[in-house]
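Me: I am new to this one. Please show me the structure, then let me ask about it piece by piece.

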Amino acid sequence: MLCLLAVTMGEFLPLLMVFQDFLLLTDRWAEQNVNPALFSQELMANVSDLVMDEEVNYDPQILLRKAHAATSSVGSATVIIAMLEKNGTLKIANVGDCGLRVLRKGQVIFSTPPQEHYFDCPYQLSSEIIGQTYLDAMVCTVELMEGDTIVMGSDGLFDNVFDHEIVSTTSRFKDAVAAARALADLARDHSMDVSFDSPYSIEARSRGFDVPLWKKILGRKLTGGKPDDVTVVVGQTISLLNDKRMEEALLKPKDLS
């Protein structure tokens with residue numbers, strides 16, 4: 001499954017979000033000779049084209065509906081869209097197990113829960129008739145303050161990196177690009193570590209998945225990260241309209257490698 005993330009900003013927005021993303025994409029659609037990236041790429045392009053549509057009116061759920069309806073590629077994706085209004089209200093629409101955290105003064109003050117049919121089977125938008133729609137999106141809002149850090153990511157991030165690690169990692173960087181890169185690297189490293197007791201392995205054990213009984217007798221347990229797509233977007237809220245950092249951030253080239 002692919003995870004699609006979008007951050008949009010309203011006209012005359014007094015808060016700036018600088019972001020960087022990193023993608024590693026794999027999907028069951030490839031087994032059907034379907035390019036797994038096409039659906040999410042077209043959906044994302046439609047989100048970008050429709051974000052200022054009058055009918056959308058800063059509503060991420062309506063934006064999701066219109067973008068999904070305009071997407072003709074075959075495939076599926078989990079999706080999270082966050083729209084930041086000029087008054088500092090962040091509106092979120094989420095389908096699946098992508099996630100968003102808001103960090104403030106070294107603490108996670110807001111997080112989105114995953115949507116799953118059952119363990120490791122998330123909701124997702126699809127080109128197929130049977131599947132979730134914009135009506136299944138979890139919609140929520142959060143009031144941001146200057147200095148807040150927003151971390152959006154795929155399950156490849158949150159299955160492999162604890163919230164306290166997200167806080168400690170982002171706190172080391174003033175630059176959002178560097179923070180996103182560090183989180184993506186950490187998620188990748190944890191995902192390949194069979195001895196790391198990851199959020200994913202802890203959740204799996206809580207759902208009844210574990211090593212065979214004979215290994216339990218030897219004191220072993222299910223551990224390890226989850227190799228998966230890793231997508232990270234880090235945003236930093238900065239005031240205000242004449243801040244030199246805003247101009248520098250907007251002019252700075254984005255490295256998407």
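Reply: Start with Asn35, which sits in the loop between strand 1 (2-9) and helix 1 (36-50). Helices (H or I, at least four residues) and strands (E, at least two) are DSSP runs, numbered from the N terminus. This is a predicted model, where local features need pLDDT of at least 70 and side-chain atom pairs count only at pLDDT 80 or more, while totals for chains, interfaces and linings use all residues. Residues are numbered from 1 along each chain as its sequence is written, and side-chain values use heavy atoms, with hydrogens and water left out.

Me: How far apart in space are Asn35 and Val74, C-alpha to C-alpha?

Reply: In sequence, Asn35 and Val74 are 39 residues apart. Asn35 itself is partly exposed, at 41% relative accessible area. Here buried means under 20% relative accessible area, exposed over 50%, and partly exposed in between (1.4 Å probe, protein chains only). In space, the C-alpha to C-alpha distance of Asn35 and Val74 is 8.3 Å.

Me: How many salt bridges are there?

Reply: Side chains of opposite charge can pair when their charged atoms come close. The rule asks for a side-chain nitrogen of Lys or Arg within 4 Å of a carboxyl oxygen of Asp or Glu. By this rule, the count of salt bridges is 16.

Me: Why is helix 1 called oblique to helix 2?

Reply: The axes of helix 1 and helix 2 (residues 60-69) come within 8 Å and cross at roughly 125°. Axes are lines fitted to C-alpha atoms, for helices over the stretch in contact, with angles from 0 to 180 degrees between N-to-C directions. Angles under 35 degrees count as roughly parallel, over 145 as roughly antiparallel, 65 to 115 as roughly perpendicular and the rest as oblique. That makes helix 1, relative to helix 2, oblique.

Me: Which residues in helix 2 meet helix 1?

Reply: Contact means heavy atoms within 4.5 Å. From helix 1 come Phe39, Leu43, Asn46, Val47 and Leu50. In helix 2, they meet Leu63, Lys66, Ala67 and His68.

Me: What is the angle between helix 4 and helix 5?

Reply: Two packed helices are described by the angle between their axes and the distance between the axes. For helix 4 (residues 163-170) and helix 5 (176-191), the axes are 9 Å apart. Helix 4 and helix 5 are oblique to each other. Their packing angle is about 140°.

Me: Which residues does Ser198 contact, leaving aside its neighbours within four places in sequence?

Reply: Ser198 is in the loop between helix 5 and helix 6. At 0% relative accessibility, Ser198 is buried. Beyond those neighbours, its contacts are Asp159, Phe162, Gly224 and Gly225.

Me: Is Lys105 buried or exposed?

Reply: Most residues other than glycine have a negative phi, and most peptide bonds are trans. Lys105 has a positive phi, near 55°. Lys105 is in the loop between strand 4 and strand 5 (107-111). At 81% relative accessible area, Lys105 is exposed.
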